[in-house]
Amino acid sequence: MPRYTVHVRGEWLAVPCRDAQLTVGWLGREAVRRYIKNKPDNGGFASADDVRFLVRRCKGLGLLDNEDPLEVALEDNEFVEVVIEGDAMSPDFIPSQPEGVYLYSKYREPEKYIALDGDSLTTEDLVNLGNGHYKIKLTPTAEKKVQKSREVIDSIVRENTVVYGITTGFGKFARTVIPINKLEELQVNLVRSHSSGVGKPLIPERCRMLLALRINVLAKGYSGISLETLKQVIEVFNASCLPYVPEKGTVGASGDLAPLSHLALGLIGEGKMWSPKSGWADAKYVLEAHGLKPVVLKPKEGLALINGTQMITSLGCEAVERASAIARQADIVAALTLEVLKGTTKAFDTDIHAVRPHPGQIEVAFRFRSLLDSDHHPSEIAESHRFCDRVQDAYTLRCCPQIHGVVNDTIAFVKNIITTEINSATDNPMVFANRGETISGGNFHGEYPAKALDYLAIGVHELAAISERRIERLCNPSLSELPAFLVAEGGLNSGFMIAHCTAAALVSENKALCHPSSVDSLSTSAATEDHVSMGGWAARKALRVIEHVEQVLAIELLAACQGIEFLRPLKTTTPLEKVYDLVRSVVRPWIKDRFMAPDIEAVHRLLTEQKVWEVAVPYIEKYRMEHIPESRPVSPTAFSLESLHKNSIKIPESEDL
C-alpha cells in the first residue's frame, strides 16, 4: 500500500493510500483532516472541506495539480507539503526546506567514494564531501582498529569497571556510578539532554561536513564505538540524511557538545532531519524513507558521537579553503586595478623580494609579474604612460606583495593546524586498544582551532581593508584621472558611489568581527569545565569575515572593469583581458545607473566558484615555467603544477589564446 509523508503547519503526518487512483487533492484533504483531528481546537477550522490549500513536493518545491492521480504525480513514500491558503505570509509558517532550496533540487547521489582511515583526510576532501561529491567507506585497517577499540569497552562493561562516561555520569556527575542495566539509557539521555543548541540549522553542506568529519575521527579507533554503529552512521551520510544542527551553543570544550548532540539525536531517530528527497521532517520518517533504521546506542556510543572539536574544525576547513581561493584571486583583482590606475610594476621586481624572502610575499610578487610583465604580455595601457613622471605608487598598489603575502602565509599556518586537527582523536576518555585501557585527557579542548581561526579572520580581513582603499582610488577622480564614481554624466548618475560605501561598511563590520573570540572563557559545568575555547564563534565569524572579503573584492573587480571602459580602445595584458571578458560575460558595462546589487552578486559568485582564478592561472603557470630560476611555488596557496593536471587546466601556448 503506497504511503506518503505530508507536512502540514510544522507537523509531519504519515498518510496511507489504499487506492493509487486517488488524487493529489484527496491526499491534501486527508492530511488536513488528520491534522485537525489531532488539534484540541481543530486547528482553527470547522472541517477539512473548508480549507483551501496547495500541495507541492518537498524536493524542489514543485507545485502539484490537485486533480492528478497519485500514481502519476508521486512516488511511493514521497514527501509532500500542504500549504494552507494564507499561511505562507504568516510569521508562524514553517517551510519544509532550508534556504537555497533551488540548489538542492538538483542534488545527484554521488557514485565515487572516499575511503576514510582517520589519518589522511585533507581540507579539500572534507569540503568535497560537504558538497556531496563523494560517499564514504572505511579502509580495512580502520575497521580493525574500530573493532579492537570496541572490545576494550565491552570488557569494561562485562567486568563492571568504573570508567568515566561508560559506567559513570558526565561532567559534575563523573563520580556517580550507573547500574549496568541503565548504561544504554545513560547514552540516550546524554544525547537528548545535550541537544540544547539554538539558532538557524547548519546548511546541508556544512552538516554533511560535520558528519563526515565525525566519521573520520571515529575511524581512528580511539572512541570505542562499535563497527556496526559506525557503519550505520556511514549509511546515513551516504543517503544524505542530515540532522537538524543549530549553529549556536558550543563553547568549544568539552568539545562541541551541543551541535554534535543534535547530530547524534537525528541518528537515533529523534528531532528533525533533512534530505534532498524529504526536506525537513521528523528524523524517524526521513530514515525510514531511505530504508534506514535509527541507531540503537550501546554503552559509550553516545559519548563517542558527541565528544570532539568537529563543529569548529569542519567550519574551519571551509574557512581555510575559501580563504585560499579569495587570496589567490585578490592578486588578480589588484593587478587589474593597478593597470586601470596606470601604476608601475617596478615594485614587484624579483630582487626586492629576494632580500625579504617571506614565502607569501615572493609568490604574490611573482603573480603580479606574471600578469603584468609587459615583455611577456604587451599592454597598451602600460605603454600609454611608460614615460610619465610618476616614481612610485600608493601603498595599496605598491605594497600588495607584503600585505597580500602575509595573508597567504597566515592561511598556510592555519591550514596546517586544521589539517592536523581533522585527523586527530578528540574524545574523552580515549580508548587505547594496544594497552587495553581507557585514559581521561583533554584532547576535546578546542583551543588549537579556535586560536588558529581567530588568526585567520585577522589575516584575511586585510585583503578587504586594502581592497576598499583601492576602490576609493578608482572612484575618486583626483586619484584615478577617471570620471567620478566611474560613470558618465555624474550628478545625473551616481555610479559606484554607494557600492564603495557598501565596501566600507563591510570592512568596518569585519573590524569588530576580528576581535578574537578565543581570548574569552567562561567556566561551565559547575566549574568542572573551567576553561573553554569559544571556538564555535571563532569559526562562524571567520566565515563571515571571509564572505565580506569576497564581497569587497567583487566590488573592486566590478569597479576595475568599469575603469577599463574609460581607457578604451587601449587594451591591458592578455590574462587581464581574459578576466575582463569573464566579468563582462555576467555583467554588462555601466552606461547609466541601474540596480547594482545583482551585478555585485554575479561577480561574487565568479569569485566563490574560482572562475577568475581559472581564467588567469594558465598564464601564471606558463610564466612560471618560463621563469623557473626566479620563482617557485613556495606558498601552499600557490597553484601547483600537479594540481593543474589534476584539475585539467590547459596551459596556453601563445598570446593568441
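User: In which loop is the place of Ser195?

Analyst: Ser195 is placed in the loop that runs between helix H6 (183–194) and strand S8 (198–201), where helices (H or I, at least four residues) and strands (E, at least two) are DSSP runs numbered from the N terminus. This is a predicted model, in which local features need pLDDT of at least 70 and side-chain atom pairs count only at pLDDT 80 or more, while totals for chains, interfaces and linings use all residues. Residues are numbered from 1 along each chain as its sequence is written, and side-chain values use heavy atoms, with hydrogens and water left out.

Ser195 counts as buried because its relative accessibility is 16%; buried means under 20% relative accessible area, exposed over 50%, and partly exposed in between (1.4 Å probe, protein chains only). Its side chain reaches the backbone oxygen of Val191 at 2.7 Å. When residues up to four places away in sequence are not counted, Ser195 touches Ala258, Ser261, His262 and Leu265, contact being heavy atoms within 4.5 Å.

The domain assignment of the chain gives domain 1 (3–84), domain 2 (112–307) and domain 3 (315–609), with bounds that come from an automatic or database domain assignment. The centres of domain 1 and domain 2, taken over C-alpha atoms, are separated by 33 Å, and the contact takes 9 residues from domain 1 and 12 residues from domain 2. Between them the two domains bury about 900 Å², 56% of it on carbon and sulfur atoms; buried area is the accessible area (1.4 Å probe) that two parts lose on being put together, summed over both.

Across the interface of domain 1 and domain 2 the rule finds 1 salt bridge, a salt bridge being a side-chain nitrogen of Lys or Arg within 4 Å of a carboxyl oxygen of Asp or Glu. Arg3 forms a salt bridge with Glu288, and the closest N and O atoms of this pair are 3.2 Å apart. On the side of domain 1 that touches domain 2, strand S1 (3–8) and strand S2 (11–16) each supply at least two residues.

By the salt-bridge rule, the count comes to 36. One of the pairs is Arg56 with Glu81, whose closest N and O atoms are 3.1 Å apart. Because Arg56 lies in strand S3 (residues 53–57) and Glu81 in strand S5 (residues 79–84), the pair ties together parts that are 25 residues apart in sequence; Arg56 and Glu81 are both buried.

Glu124 forms a salt bridge with Lys415, with the closest N and O atoms 2.7 Å apart. Glu124 lies in helix H4 (residues 123–130) and Lys415 in helix H17 (residues 400–422), so this pair ties together parts that are 291 residues apart in sequence. Glu124 counts as partly exposed, at 34% relative accessibility, whereas Lys415 is buried, with a relative accessible area of 17%.

Asp599 forms a salt bridge with Arg594, the closest N and O atoms being 2.9 Å apart, and both Asp599 and Arg594 are buried. Salt bridges that share partners also join Asp331, Glu363, Arg367, Glu621 and Arg624 into one network.

Ala602 lies in helix H23 (residues 597–608) and is buried, with a relative accessible area of 13%. Leaving aside neighbours within four places in sequence, Ala602 is in contact with Val586 and Val587. The C-alpha atoms of Ala602 and Val587, 15 residues apart along the chain, are separated by 7.3 Å.

Methods
Polar contact = N/O pair within 3.5 Å; in protein donor to acceptor, adjacent residues only side chain to side chain.
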